[in-house]
Amino acid sequence: MTSILFKNARIIDGTSDRANDPVDVFVENNLIREVGSGITTSAETIFDLSRYYLMPGLIDCHVHIVAGVANLGVNATFPDSLVMARSIRIQEGMLKRGFTTVRDVGGADYGQVKAWEEGLVKGPRLVISGKALSQSGGHCDFRGPYNPWPDHYAQRLGSLGRICDGATEVRRFTREEIKGGAKFVKVMANGGVASPTDPIHFLGFSREELKIAVEEAENAGTYVAAHLYTDEAIRRAVECGVHSLEHCNLIQSETAKFAAEQGAVAVPTLVVYDKIASIGGELGMGASAVSKVEAVRKAGMDSISIMHDAGLTLAYGSDLLGEMHQFQSEEFVLRGQVMPAYKVIASATNIGAKLCKMEGQIGTISEGAFADMLVLDANPLDDLSVLGHQGARMAAIMQNGVFAKCNLQ
Ligand code: ZN
Ligand code: ZN
C-alpha cells in the first residue's frame, strides 16, 4: 500500500474563477482518500505544494489514438501491429501533456483498453466508442468513387469506423460495438473533411437509422455521439436523440439553444482545423481535404461564442491526427480567446468526466476519485498556455496514484 500526502495545495478544477484556499490531499493507492485542511494522517511521502497549483488530470473528449498518420484512408490499410506501435507513442504523448483520460471517438478497441488496465501501455485511461458507424459514402468510407468492394475496414485497427446501411445493420453494429467494449456509440451523421466522397453538407444516415442507434445506446444505458458540422445536421441529430455533438463548427444560435434545452453537450475541436489548414498538406492529407477545411475553420471560432452564449455545455476536444497530436493542448488557448479561462478548464475536467460517464471518479480532486492530478508551476487561470508546452510547466503528473512524472522536491 502506498500513501502520499500533498500539503498546502491550491486547487484549480474549473468550478471557480480563482484557486481555492490551500488544503491537504491524501492519496492512498490509486484513490484520493481525503481532502481537507490540516490532515494529520501519516503518509509514506509528503510534498509541500505551497509554490504550486494542483489540478485534476485533464480529459480530452475527442481523440483518435489509432490515427498514426493524417491520411485516414491510408491509416486503415496499415498492419494492426504497426498501428498499435504508433498508437502507444500517441498515448504516451497525451499523458506527458497531462491528459490522464481520453474519450476515443472512433478506432480504438477493447484490446487497447485492456493493455492500459494491465499497465502495458503508459497513456491516458481510455473511454472508447469502438468503430464509428458510417453509411456507405459517409465519413468513414475511404474507398473513393471507383472502388465498389464492400467494407473491408471494420476489422482493421487503423480504421476509425465501419460501414453499415439500413435499420438492421445499424442496429446490429451498434450492439456489436457495445458488446466489444464501447462505452458510448459514435455515428457519422454529416459529411467530413478527411473523407473523399462526402461534402460537408451531406447528411449521414436517415432519421430512422439515427433513432435506432440512439435506442440501442439507451438500451445499454449510454448515448450516441455524432460527427456534425452544419446547423441542419446538428438540429436533426438532436431531434433524433443524439446527446454528444462533435465539432459543431457551423451551428447557429437557435439550434444551440435547442440543443441546450435538450441537455446535449457539444465537443468543439478547433485546433484540428487550424492545423489541417496550415500543415495538413505537408503531412500527406489530400488537396481536397485541405481545401474542404477552410469553411469549417473560419466558422469554428464564432461557434464557440454562439454555443457559450446559448448556454450549451462544452467539453474539451482536439481530434488531432498523426504528427499533429503534439498540438493537443492548443485548444485551451484558442477557446480562452472567447471564453473565461475557468470554463475552458471545466470543459477538460468536470464536464469531460460527465461525458465519459465517470462523474466523481475523474476530473475532480475529491474523496473517492481516482488520483489523477497535475501539479503546475504557474496558475492556468492567468494563462491557459501553462497547460501547453508538452507538459513542461507540469512539475508532476499523477495517474491512478502513480507518478507519470515527478520533479517535486
Ligand atoms: Zn468528426
Ligand atoms: Zn474525430
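Predicted model: local features only at pLDDT ≥ 70, side-chain atom pairs only at ≥ 80, totals over all residues.

Colleague: Is I362 buried or exposed?

Modeller: I362 is buried, because its relative accessibility is 3%, and the cut-off for buried is under 20%.

Colleague: What is I362 in contact with, leaving aside neighbours within four places in sequence?

Modeller: The contacts are I59, T101, R125, A353, C356, F370 and D372. Two of those pair up themselves: the side chains of D372 and R125 form a salt bridge, 3.1 Å from N to O.

Colleague: Switching topic, how is the protein divided into domains?

Modeller: Domain 1 covers 3–56 + 361–406, and domain 2 is 58–328. Their centres, taken over C-alpha atoms, are 31 Å apart.

Colleague: And how much area do domain 1 and domain 2 bury between them?

Modeller: About 1200 Å², with 57% of it on carbon and sulfur atoms. On the domain 1 side, I362, Q390 and Q399 lose the most area to domain 2, together 48% of what that side buries.

Colleague: Which elements give two or more residues to the domain 1 side?

Modeller: β5 (53–56) and β17 (394–399). The largest share, four residues, comes from β17. By class, that side has 10 nonpolar, five polar and one charged residues.

Technical notes. Residues numbered from 1 in each chain as written. Chains lettered and ligands numbered in written order. Heavy atoms only, no water. Buried < 20%, exposed > 50% of the residue type's maximum accessible area, 1.4 Å probe, protein only. Contact = heavy atoms within 4.5 Å. Domains from an automatic or database assignment. Buried area = accessible area lost by both parts, 1.4 Å probe. Salt bridge = Lys/Arg side-chain N within 4 Å of Asp/Glu carboxyl O. Nonpolar A, V, L, I, M, F, W, Y, C, P; charged D, E, K, R; others polar.
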